[in-house]
Amino acid sequence: MFRWLIVVFLVLVLINSVTPWLQRLGFGKLPGDFRFKVFGKEFFIPLTTTIILSMVAAAIARFL
């Protein structure tokens, strides 16, 4: 359980550091990614980006 917690934390740190680079490639601006403002706060729900990145991660995991 503790190993999985460390792995999830490291993956989140990696994704957070790679996010600006992915946005320059067009991720985060795909047709299924929702960005809206409510009461002056901006919310972002990246549905399509999440699905695509999950498929890429699954393909990489399959080959490893």
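Me: Is Pro46 buried, partly exposed or exposed in this model?

Reply: Buried means under 20% relative accessible area, exposed over 50%, and partly exposed in between (1.4 Å probe, protein chains only). Pro46 has a relative accessible area of 25%, so this residue is partly exposed. The model is predicted: local features need pLDDT of at least 70, side-chain atom pairs count only at pLDDT 80 or more, and totals for chains, interfaces and linings use all residues. Residues are numbered from 1 along each chain as its sequence is written, and side-chain values use heavy atoms, with hydrogens and water left out.

Me: Which element holds Pro46?

Reply: Strands are DSSP runs (E, at least two residues), numbered from the N terminus. Pro46 belongs to strand 2. Its C-alpha atom is separated by 12 Å from that of Thr19, 27 residues apart along the chain.

Me: How do strand 1 and strand 2 pair?

Reply: Two strands pair if DSSP finds at least two bridges between them. Here strand 1 (residues 33-38) and strand 2 (residues 41-46) are antiparallel over 6 bridges, and Val38 stands opposite Lys41. The two strands form a hairpin with 2 residues between them.

Me: What marks Phe39 in the turn, and is this residue buried or exposed?

Reply: Phe39 has a positive phi of about 55°. With 86% relative accessibility, Phe39 counts as exposed.

Me: Which residues make the nonpolar surface patch?

Reply: Accessible areas come from the Shrake-Rupley method with a 1.4 Å probe; for residues, only the protein chains shown count as cover. Phe34, Phe36, Val38, Phe39, Phe43, Ile45 and Leu47 make a patch of about 700 Å². Strand 1 gives the largest share, 3 residues.

How values were computed. Helix = DSSP H or I, 4+ residues; strand = E, 2+ residues; numbered from the N terminus. Patch = residues over 30% accessible without salt bridge, like charges linked within 9 Å, V, L, I, M, F, W, Y side chains within 5 Å. Salt bridge = Lys/Arg side-chain N within 4 Å of Asp/Glu carboxyl O.
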